[in-house]
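Open the structure in your viewer and keep the selection tool at hand. The stops below go from one selection to the next.

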Amino acid sequence: MQYQSTRGSAPALGFEDVTLAGLASDGGLYLPTQWPAFTADQIRAMAGLSYVETAVRVMTPFVAGSLSEDELRDLCAAAYSRFSHQAVTPLVQLDHQQWMLELFHGPTLAFKDVALQLLGHLFERFLSRRDDHLTIVGATSGDTGSAAIDAVAGRAKIDIFMLHPEGRVSDVQRRQMTTVRAPNIHNIAISGSFDDAQALVKAMFNDADFKSRFNLSAVNSINWARLMAQIVYYFYAAVRLGAPERAVAFSVPTGNFGDVFAGYVAARMGLPVAKLIVATNVNDILHRALGEGDYSQGQVVPTATPSMDIQVSSNFERLLFDAGGRDGAALADQMRGFESSRAMRLTNAQRDGAAGLLSSARIDADAMTMAMRWAYDAAGHVIDPHSAIGLAAARAADVGADVPVVTLATAHAAKFPDAVERATGLRPPLPARVGDLFAREEHYDRLPATFEAITTYVAERATPRHGAGPA
Ligand SMILES: *Cc1c(COP(=O)(O)O)cnc(C)c1O
């Protein structure tokens, strides 16, 4: 399988190179040059398969040329052995039409584990082959940092430096990062905001010498391998609800558009998806873009669903490229325009290409609270605020009465106990497997938010890439 950049001028690469590269060299994002397709019979044959076997069927075409089916199976088995539920992503029924797909049974209680646990194994495998070393640097406001740290802890070929804004992530989120003990984990509390931390990471990537000396890499959701791992659970859920005989709708609490784009890919591969509902909070750039064609950046409003508090959605570019006819040069122009004016209009081709499959909803704090109460009163389920945004959109969606609607539950309620308690009066306890989080010792260093301080810190601790000389 070959991959091409959304901006048309980076070289086509195979899966291994795309996984290690993250972003394409022309600033675009990688996509397969064409979508693999499954026939109805092939989808029917997924009935009854375990999660890992489903993952092997769905992902084999994407890794062709880089991993054999058996290698892929070993990596998936290892990645998903750390989930606390046998089904990995179990479906639960809320009423005759509404379902939830629980994606939070991984080690850090957020859906990001589904992709990052696999990515950790892919990195390790590919780096061993090349005898190379990777330095991951990232800034986190919470969930991505803990999921990434858990996924790479103890791996010999990877160092990870995770910056968080001091005092501005929740205790659970900070402890999920700082209590992981392994020599390759480096937690840094930056005296500044999340934006300051992110600006430092960007500056490191923009320093070409530094970037190449330490083989810097990112684990944000622009990495194709992360998206690929998320396609699997759309198949797993839909097959259990009657696909390919019956179409299923999905409602997806959305931030960077990675999770819902994986659903779009599943549909392109032949899965009968009746509707993909893009659920946003009041940070509604995607709702405006899909409804009115207006992709213009506003100010981020902090909400009870911090993982969806975004104004620019990095993976949306993949949809614009594919739905708009795959014209890399035109998209590169359009994105350059957006980057200078912070606003753009979708083309008619992009709007029409998305409209058949995607709809959107903007869910405010009241509707989110009502959805949390309804889930508890009607079905006895305590759900997290992000999942509640999805559920509110699912219940309001205009799909036929005979179409099952699956909301992706993206976080465990115990990650956001205050918001859950405000809505339902219940304070969800941390599951037993992370229960001693508050007894474990924390390890992190504090640094001022300066380029000098952070690069000195990284250079003292990271392993230069194979063949790179001393500074
Ligand atoms: C990351 C995240 C999201 C948003 O997912 P995207 O792929 O960025 O759209 C939603 N909910 C939770 C809990 C998350 O951690």
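A polar contact is counted when a pair of N or O atoms lies within 3.5 Å. Keep in mind throughout that this is a predicted model.

**Stop 1: the ligand.** Select the ligand and the residues around it. There are 15 of these residues, and K112, G255, N256, D259 and T410 come nearest. Now show the backbone of G255: one of its polar backbone atoms is 2.8 Å from an oxygen atom of the ligand. At N256, a backbone N or O atom lies 2.7 Å from an oxygen atom of the ligand. Move on to G258, where a backbone N or O atom is 3.2 Å from a ligand oxygen atom.

**Stop 2: helix α11.** G258 also belongs to the next selection, helix α11, which covers residues 258-268. Nine of the eleven residues in α11 are buried, and the helix is mostly covered. Among the buried ones are G258, D259, V260 and F261. D259 is also one of the residues that come nearest to the ligand. Past the helix, select G270, which follows α11 and has a positive phi, near 115 degrees.

**Stop 3: helix α13.** Select residues 316-323. How many residues of helix α13 are buried? Eight of the eight are, so the helix is largely enclosed by the rest of the structure. The buried set includes the charged residues E317, R318 and D322, along with F316, L319, L320, F321 and A323. After α13 comes G325, with a positive phi near 105 degrees.

**Stop 4: D384.** Go to the loop between α16 (365-379) and α17 (385-396), where D384 is found. Leaving aside neighbours within four places in sequence, D384 is in contact with M372, T410, A411, H412, A413, F416 and V420.

Stop 5: Finish with residues 2-80, where UniProt, in an unreviewed entry, places the feature "domain: Threonine synthase N-terminal". Colour this stretch by secondary structure: the chain here is 47% helix and 8% strand. The end C-alpha atoms of the stretch are 26 Å apart.

Definitions and conventions
Residues numbered from 1 in each chain as written. Predicted model: local features only at pLDDT ≥ 70, side-chain atom pairs only at ≥ 80, totals over all residues. Heavy atoms only, no water. Helix = DSSP H or I, 4+ residues; strand = E, 2+ residues; numbered from the N terminus. Contact = heavy atoms within 4.5 Å. UniProt positions renumbered as here; feature names shortened; annotations may be inferred. Near = heavy atom within 4 Å. Polar contact = N/O pair within 3.5 Å; in protein donor to acceptor, adjacent residues only side chain to side chain. Buried < 20%, exposed > 50% of the residue type's maximum accessible area, 1.4 Å probe, protein only.
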